[in-house]
Amino acid sequence: MKTISKAVPKLDHYEKISGAAKYVCDLPTKGMLFGRMLRSTEARAKFGNITLPELPEGYFFYDKNDVPGVNKVQIVLDDTPVFAEGIVEYIGDPIGLLVGSDERVVNQLLKQIQVEYEVLEPVFDPRESKESFFNVNIDKGNIAEAFANADKVYEEKFHTGLQEQAYLETNGLIAEYVDGKMTIRGSLQCPYYVFGAVAQAMGLENENVRIVQDVTGGGFGGKEDYPSVLACQAAVAAYHSKKPVRIVFDRHEDMIATSKRHPSYCTYRVAIKDKKVIGMDIDVLYDAGAYTTLSLVVLQRGVIGAAGIYNVPNLKVRGEARKTNIVPSGAFRGFGGPQTFFAVEMMMTHIAKDLGMDAVEFKLQNAAKQGDTTSTSGRYHFPVPIPAMTEDVLKASDYYNKKKVYQNQTGRYRRGIGASLVYHGCGFTGNGERDLIKAVVKLKKSKDGMVEVLTAGTDMGQGLFTTLNKIVSSTLEIPMEQVIVALPDTDMVPDSGPTVASRSIMSVGNLLMKAAKRLKEEWIDGEAQLIEQRYEHPDFMIPFDNDNFTGDAYPTFSWSVNVVEVEIDSLTGFIKVIGAWGCYDVGTPIDEQIVMGQMEGGFVQSLGYGMMEKMEAHNGWIRNSSFSDYIIPTAVEFENLHVMLHVVDYPNGPFGAKGAGELPNVGPAPATIDAIQNALDTTLNKAPFIAEDVMNFLREVK
Ligand code: MTE
Ligand code: MOS
């Protein structure tokens, strides 16, 4: 392992474990107004009169009429209103905001507000929705010919459900308007997204908007778009009341009103000849919820990954995101990948079973290799170490032996073992980095030789500040103490892009390494220096065509192999994970401990997705909106978890690193369901699969 990979204590470790770190809800509240949202109680309705109780002095209600700029939140397409305009589209849709100095009074007043609704027919099932938000298609090779030449064609449908990011800290922000300048601070992932949204909604010039990240207790994609919505709302109140306005959600509000992982419905038709996949014809349908938010980009990743890690010469994918009247789904670690990877991994296991082959053997036979074309007719330019990684994981888990033993079980306890082979495309899709983000980073050296790292990158627990410090201090060959990475403030830092798509290490880190190399060359003792570095598109990439979805969707991919072993109690339905193994190729780890932590955390989050976390929007209501009825895994659930790294240098990343954070969230869920179907001696096609599903299944087969 390289010297840089050697673990150091995380820079924010002490302040977080000691409780010294200040999250937005820890900041003094003196002189501030508390805000609570008036939310729709109808899934779809026109609304007219809003009757307010008499508001005491210093209490205010704001709605669409009070938005000084554009009443739309800038995301991808600007259809999400800051406050609803005469129509509400989901239960929880914000209509207005009540603010005042006493939180309890605000809550009491809120209950007395009456809204006149004219209820409209809602749509909850995307398969019945007539409103298409986005279509993304892939057409590679000759699909008709492939199906005509097939020995056998398999067809199956798959479904995945909602998932809640369940970050420890709920969404929360403070907006303050002083001397014509709007400052927003709080829990967020992407300062410059919030910046653009607030400027547009408030009709303010850029120099009059400032966004500051406070210590953030997790985001997992859930704070990629949502803080933009909340910031616009809080800004409206701060603007008119001329007081700082603080909005911090309780868990219930966070769970009903903020983004989730998109539910999916996929139909696969697969053509097989001589035990090889020669064609896949796939329909991918994502339930976007009420507004478009990030659905286009989430869907793109889902469509690109729909053929899995396999070399599929003839491929057709019809991807669609449709509107329903539930809370909008958005980004969630894996960003559209986990849904289709689940489907394709299950499909492949089912085909293998029918062919009388072991699933892993069948998958390896069809896996892409370096130099093969990708689903978008780009190329796998770099090594695909899947075979070696598979060997390691199968050995560590004793996969083949267990698979042999775990057959035709009839007792109370039944065991199963399953595997998945997946990738995650590194960085933004297509030309995003070049055309949309255009990242800029700066290094600012003071006279005394301290070096400040200036990027918009946020640390949400993934260790980014430590990682960026290591990249810069190692390049400059100076101690870490001589490098400063602070919470980003748009008044100080350039727009290096959002902290999403696991792009920070590979994209932002690489720019910082280049900047540091230059600073090292140009270093002058005793002088203040400023180095700016701009994004350069890798020239080896096959140009991406956004209309036809062809070319290199990503410069490179991170790879992983996962095995999960379960024991099912057929009396209670309880599924216990008795072993879990994952191997990850994320390039060179910048900090081994941080990367291992990312892999373990992502693995556990995906196990939750596979076998625990069932979220239901019953008639549009999120029924389980607390952690006592939306159950997420904790440290005790999966004690026998083993993650390992397969280190291959990525030549275009800093010190050989590439995308890491999301990869471990893609594979464990399909491996878990594979283990469950092995234990139950059946084929399964939905995630999550929880105790209740086990009971229903056992009842049916009796
Ligand atoms: N790890 C922690 N502890 N908390 C988080 O919120 N977010 C994940 C991942 N790991 C997250 C996390 C998501 S969704 C992404 S996109 C990446 O971190 C972003 O960080 P990176 O670009 O530094 O990898
Ligand atoms: Mo991560 S879902 O790209 O914020």
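Student: Where is Pro 688 found?
Tutor: In this predicted model, Pro 688 is in the loop between strand E26 (686-687) and helix H17 (691-701).

Student: And what is the peptide bond from Ala 687 to Pro 688, cis or trans?
Tutor: That peptide bond is cis, and its omega is near 0°.

Student: Which strand does E26 pair with?
Tutor: E26 pairs with E8, in the parallel sense, over 2 bridges. One residue pair to look at is His 159, whose bridge partner in E26 is Lys 686.

Student: What about E8 and E13, parallel or antiparallel?
Tutor: Antiparallel: strand E8 (residues 152-160) and strand E13 (residues 264-273) share 9 bridges. On that side, Lys 152 stands opposite Ile 272 in E13.

Student: OK, switching to the ligand. How many residues surround ligand 1, and which are the closest?
Tutor: There are 18 residues around ligand 1. The closest are Gly 219, Phe 220, Gln 462, Ser 504 and Gln 598.

Student: Which atoms of Gly 219 and ligand 1 lie 2.7 Å apart?
Tutor: For Gly 219 the atom is a backbone N or O, and it lies 2.7 Å from an oxygen atom of the ligand. Ser 504 uses its side chain instead: an N or O atom there is 2.7 Å from an oxygen atom of ligand 1. With Gln 598, a side-chain N or O atom is 2.7 Å from a nitrogen atom of ligand 1.

Student: How much of the accessible area of ligand 1 does the protein cover?
Tutor: The protein covers 93% of the 520 Å² of accessible area that ligand 1 has on its own.

Student: And how do the residues of the shell divide into nonpolar, polar and charged?
Tutor: The shell around ligand 1 has 5 nonpolar residues, 10 polar ones and 3 charged ones.

Student: Back to Ser 504. Which helix has residues 504-522?
Tutor: That's helix H14, which lies across E17, E18 and E20 and runs at about 140° to E20.

Student: What is phi of Ser 502?
Tutor: Phi of Ser 502 is near 45°, a positive value in a residue that isn't glycine. Ser 502 sits in the loop between E19 and H14.

Student: What's the strand order in the sheet with E19 and E20?
Tutor: The order is E19-E18-E17-E20, in an open sheet of 4 strands with mixed pairing. Strand E19 (483-485) and strand E20 (529-534) are the edges; each has a single partner strand, so one side of each has no neighbour in the sheet. From one strand to the next, the twist averages 20°.

Student: How many bridges are there between E17 and E20?
Tutor: Strand E17 (residues 440-445) and E20 pair over 6 bridges, in the antiparallel sense. Among them, Val 441 has Gln 533 in E20 as its bridge partner. Helix H13 (residues 464-476) packs on this sheet too, touching E17, strand E18 (451-454) and E19, and its direction makes about 155° with that of E19.

Student: Now the sheet with E16. What's its order?
Tutor: E16-E21-E22-E25, an open sheet of 4 strands with mixed pairing. The edges are strand E16 (413-425) and strand E25 (641-645), and since each has a single partner strand, one side of each is left without a neighbour in the sheet. The twist there averages 10° from one strand to the next.

Student: How do E21 and E22 run, parallel or antiparallel?
Tutor: Antiparallel: 10 bridges join strand E21 (residues 557-569) to strand E22 (residues 575-585). Ser 560 stands opposite Tyr 584 in E22.

Student: Which helix lies across E16, E21, E22 and E25?
Tutor: Helix H10 (residues 386-397), and it runs at about 25° to E21.

Student: Last topic, the hairpin of E9 and E10. Which residue takes a positive phi?
Tutor: Asp 179, with phi near 50°; the hairpin has 2 residues between the strands. Strand E9 (residues 172-178) and strand E10 (residues 181-186) are antiparallel and joined by 6 bridges. In that pairing, Ile 174 stands opposite Arg 185 in E10.

Student: And E10 with E11, which sense?
Tutor: Parallel, over 5 bridges, with strand E11 covering residues 209-213. There, Thr 183 stands opposite Arg 210 in E11.

Definitions and conventions: Residues are numbered from 1 along each chain as its sequence is written. Chains are lettered from A and ligands numbered from 1 in the order in which they are written. This is a predicted model: local features need pLDDT of at least 70, side-chain atom pairs count only at pLDDT 80 or more; totals for chains, interfaces and linings use all residues. Side-chain values use heavy atoms; hydrogens and water are left out. Two strands pair if DSSP finds at least two bridges between them. Axes are lines fitted to C-alpha atoms, for helices over the stretch in contact, and angles run from 0 to 180 degrees between N-to-C directions. Contact means heavy atoms within 4.5 Å. A residue is near a molecule or strand if one of its heavy atoms lies within 4 Å of it. A polar contact is a pair of N or O atoms within 3.5 Å; within protein, one must be able to donate a hydrogen and the other to accept it, and residues adjacent in sequence count only if both atoms are side-chain atoms. Accessible areas come from the Shrake-Rupley method with a 1.4 Å probe; for residues, only the protein chains shown count as cover. Ala, Val, Leu, Ile, Met, Phe, Trp, Tyr, Cys and Pro count as nonpolar, Asp, Glu, Lys and Arg as charged, and the others, Gly among them, as polar.
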